[in-house]
Amino acid sequence: MKSFDAVHNPSAVESADANVDDDGREKRTGTLMTASAHIITAVIGSGVLSLAWAIAQLGWVAGTLILVTFAIVNYYTSTMLADCYRSDAGARNYTYMDVVRSYLGGRKVQLCGLAQYGCLVGITIGYTITASISLVAIWKATCFHKKGHGAKCSIPNYPFMAAFGVVEIFLSQLPNFHKLSFLSIIAAVMSFSYASIGIGLAIAVVASGKVGKTGVTGTVVGVDVTASDKIWKAFQATGDIAFSYSFSTILVEIQDTLRSSPPENKVMKKATLAGVSTTTVFYILCGCMGYAAFGNRAPGDFLTDFGFYEPYWLINFANACIVLHLIAAYQVFAQPIFQLVENKCNKAWPENNFINKEHSINIPFLGKWRINFFRLVWRTAYVILTTFVAVIFPFFNSILGLIGATAFWPLTVYFPVEMHISQRKVKKYSMKWNALKLLVLVCLIVSLLAAIGSIVGLINSVKAYKPFHS
């Protein structure tokens, strides 16, 4: 009898053409290292620097326990999703929607697409805002260093959003996910760099003895927060931690870059383990050391909210690393959106030269570059649109928390579990079936509570928002 991996990964089938894969598509060259880099780029975002705030809302015990628990949950459900990359017949599923169509079908395919692509669009807008915040922080840190910490150093975010958009227009011309490996490797290095700097600065504060007050249950009602704020912020913090590990929105697309041998699901599971375990170590160090340093008054981001002022050059370097990471991560999350629209247009108008024809152009210092005019126009328009939304909704990151809350449950938990039950023919009401259904229910409750916390946070952000100020 054939093993599960042999049935679902027919890597023995090779094409006569060395440049074509077993299904006639472009040969895949992805490896364990490139997949791990993609995962780390997607997972370790600048949000790692806000985990000290999340721990402060929950306290030492609950905060650390939730960090570890959701690392395990995300790894477990990601391995389920990785096993669904190949259909029962052995055919590849190129996107998350294809996987859901193959195993579940019906309206669930459209619900998956709505959750996935809505989340991806939200992330690209959020990254535009976050990058501009880090660029403003660089300008401010230099200003504070020259004029003193009490100086009025203020500059609008908008020019920095526009500059970020211009860079993304150029990078968006990379044809597909397969060409992003070098960007992800650079981004992963940047992630390690700014997270390590944040940890190092927090350790320095702890070593100095000038630390904030911490507690087993975190912020104190009546001292740090009101009773209602304690509840809402605890919900929001739990959601932030749960979503901070999730990369299910692009897991299938990452897996689709892996070469067919060794079996894609085996390599993807190893890459997921490497990515999630590395992320967990950094999350615990950053969250716990940040909380130990700042205590219950930990800032939302201790590099851009000026938890530290000196050494200013190191703060600036860390923020520059964040910007470089976000430049690459934007592409990792945008590529599935680009591919969705382009594939649909290719199928709808297969004879249209504007949509399908590739043109070879010589670009100085880069050599020959293949340009497709539809890709050029559509991707440029998308970047301009996301930049415009970022400019008119600078508090969009609060909205992103709500998007994360609504997308986390279906994409990271519900669909992988339901497809696993279908694929492995898990018997209804068996112990395993009941355990999986309980996991789905618990994660649904977490998502709903986090969504409520995010809505309250969004309302407060809108009330506190002051236009034309960074």
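Let me start with a term: buried means under 20% relative accessible area, exposed means over 50%, and partly exposed lies in between, using a 1.4 Å probe and protein chains only. By that rule Cys443 is buried, with a relative accessible area of 2%.

Now, what are we looking at? This is a predicted model, where local features need pLDDT of at least 70, side-chain atom pairs count only at pLDDT 80 or more, and totals for chains, interfaces and linings use all residues. Residues are numbered from 1 along each chain as its sequence is written, and side-chain values use heavy atoms, with hydrogens and water left out.

Back to the cysteines. A disulfide is a covalent bond between the sulfur atoms of two cysteines. Here the test is a pair of cysteine sulfur atoms within 2.5 Å. How many disulfides does the structure hold? One. It joins Cys143 to Cys153, with S to S at 1.9 Å. The angle about the S-S bond is -75 degrees, and the link of Cys143 and Cys153 is left-handed. Cys143 sits in helix 6 (residues 107-147), and Cys153 in the loop between helix 6 and helix 7 (158-171). They are 10 residues apart. A word on helices: they are DSSP runs of H or I, at least four residues, numbered from the N terminus. Cys143 is buried at 7% relative accessibility. Cys153 is buried too, with a relative accessible area of 7%.

Cys286 is buried, at 0%.

Next, a helix pair. Helix 2 (residues 32-43) and helix 8 (residues 181-208) pack at about 55 degrees, with axes 8 Å apart. Axes are lines fitted to C-alpha atoms over the stretch in contact, and angles run from 0 to 180 degrees between N-to-C directions. Helix 2 and helix 8 are therefore oblique to each other. Oblique is what remains after under 35 degrees (roughly parallel), over 145 (roughly antiparallel) and 65 to 115 (roughly perpendicular). Residues in the contact include Met33 and Ala37 of helix 2, and Ser184 and Phe192 of helix 8. Contact means heavy atoms within 4.5 Å.

Last, Ile250. You'll find it in helix 10 (residues 248-255). Buried or exposed? Ile250 is buried, at 0% relative accessibility. Leaving out residues up to four places away in sequence, Ile250 touches Ala42, Leu120, Val332, Phe333 and Pro336.

Notes:
Helices (H or I, at least four residues) and strands (E, at least two) are DSSP runs, numbered from the N terminus.
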